[in-house]
Amino acid sequence: MLVILAAIIGKGFLPGVVLGLVLAVVLFAVNYGRIQLVREVSFGETYHSNVDRPPAERAALRSLGDAVQILRVNGFVFFGSANGLLERIRKRVEAGPLRFLVIDLRRVTGVDSSAVVAFVKVVHLAEASGFELVFTGVSEAVRKQLERGGMVTSQIVRFEPDLDRGLQRCEEVLLGDEAVEIAELDGDALAGMPAGLRPYLERVELPDGAVLIRQDEPPDDVYVVGSGRLSVEMETADGTRMRVRTVNAGVVVGEVAMYTGAPRTADVVAETPSVVYRLSGAAIERMESEDPELAAALHRWLAGILSDRLRDTLREFDALLD
């Protein structure tokens with residue numbers, strides 16, 4: 001205010017107003033640049049895609065957490081914040097090898113030319129360091145600005161519609177590199193299933209697109225995916241179909257509704273030709289009568305699965321609130 005007053009006295013009213021506007025813009029840029037617009041969440045242990053994977057794959061991804069860096073960017077990205085983002089990425093690359101850099105731009109309202117230049121420098125850094133850059137949730141307007149700066153889909157740069165699918169891409173590549181062996185239904189065991197369940201299981205084959213579970217159906221059965229892939233989908237109030245998660249071979253489906261007694265909350269549809277093993281409510285009742293020890297082992301196994309899922313959900317929730 002004193003500088004503006006001095007300018008008005010010394011140079012006149014109009015130069016003083018212009019100087020005030022310039023100083024206001026500079027002050028805004030400095031203050032906005034100090035706001036923490038980038039959040040980093042840990043991959044594998046804390047944050048992962050909505051693909052429900054068997055224990056062997058989950059353990060492998062937890063061990064590969066350092067291979068992926070996830071940055072969630074908010075607000076308008078301009079020179080005041082873009083340089084800080086670039087330096088943050090450089091320090092991470094210098095700290096150790098990186099396989100994927102995931103930048104979620106879903107909450108970004110826009111970028112200026114200096115931000116585009118900063119992202120181009122990140123691409124050059126990815127080429128030099130050998131990691132893949134994955135942009136997720138990019139709006140059409142922001143993507144056009146990035147494309148004008150030369151950022152298009154390539155072996156180094158990928159655009160995914162949302163963070164879920166971006167992380168799924170990273171996980172599939174990492175698991176392919178690790179060649180993780182997944183347990184298959186052989187005798188009495190699948191993904192840690194208690195031995196002796198074979199007589200109580202019913203094999204069900206699903207063609208591509210077949211509906212295994214329908215939303216609002218009464219709960220009864222539990223399914224173990226033997227092969228293929230299932231999609232858990234919900235229909236919103238406006239009729240939009242939304243993918244909640246993807247279920248891979250070796251994963252249990254339907255255990256939550258069985259314990260709560262509430263109607264099914266989502267549809268489960270076969271994304272590919274699949275084989276599932278059905279454990280009906282009647283079969284569980286028969287097991288509890290004929291073999292109480294096996295029934296107790298089954299319930300302990302299902303309780304462990306529910307506990308793992310709840311722990312993962314709480315970690316993700318804490319990471320998003322941090």
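**Reading an open sheet**

Guide: Five strands make an open sheet, ordered β1-β3-β4-β5-β6, with mixed pairing. The model is predicted.

Visitor: What stands at the edges?

Guide: β1 (38–41) and β6 (157–160) do. Each has a single partner strand, so one side of each lacks a neighbour in the sheet. From one strand to the next, the twist averages 20°.

Visitor: How do strands of a sheet pair?

Guide: They pair through backbone hydrogen bonds, either parallel or antiparallel. Now take this structure. Strand β3 (residues 68–77) pairs with β4 in the parallel sense, over nine bridges. Gly75 has Val108 in β4 as its bridge partner.

Visitor: How many bridges link β4 and β5?

Guide: Five, again in the parallel sense. Strand β5 covers residues 132–136. Find Ile103; its bridge partner in β5 is Phe135.

Visitor: How does the chain cross from β4 to β5?

Guide: The chain goes through helix α5 (residues 113–129), and this β-α-β crossover is right-handed. β3, helix α4 (residues 79–95) and β4 also make a right-handed β-α-β unit.

Visitor: Which strands are joined by four bridges?

Guide: β5 and β6, which run parallel. Val134 has Arg158 in β6 as its bridge partner.

Visitor: Which strands do α4 and α5 touch?

Guide: Helix α4 packs on the sheet and touches β1, β3 and β4. Its direction makes about 175° with that of β3. Helix α5 packs on the sheet too, touching β3, β4, β5 and β6. The direction of α5 makes about 170° with that of β4.

Visitor: Is β4 mostly covered or mostly exposed?

Guide: Mostly covered. Strand β4 spans residues 100–111, and nine of its 12 residues are buried. Buried here means under 20% relative accessible area.

Notes:
Residues numbered from 1 in each chain as written. Predicted model: local features only at pLDDT ≥ 70, side-chain atom pairs only at ≥ 80, totals over all residues. Heavy atoms only, no water. Buried < 20%, exposed > 50% of the residue type's maximum accessible area, 1.4 Å probe, protein only. Helix = DSSP H or I, 4+ residues; strand = E, 2+ residues; numbered from the N terminus. Pairing = 2+ DSSP bridges. Right-handed = clockwise from strand over helix to strand, strands pointing away. Axes fitted to C-alpha atoms, helices over the stretch in contact; angles between N-to-C directions. Contact = heavy atoms within 4.5 Å.
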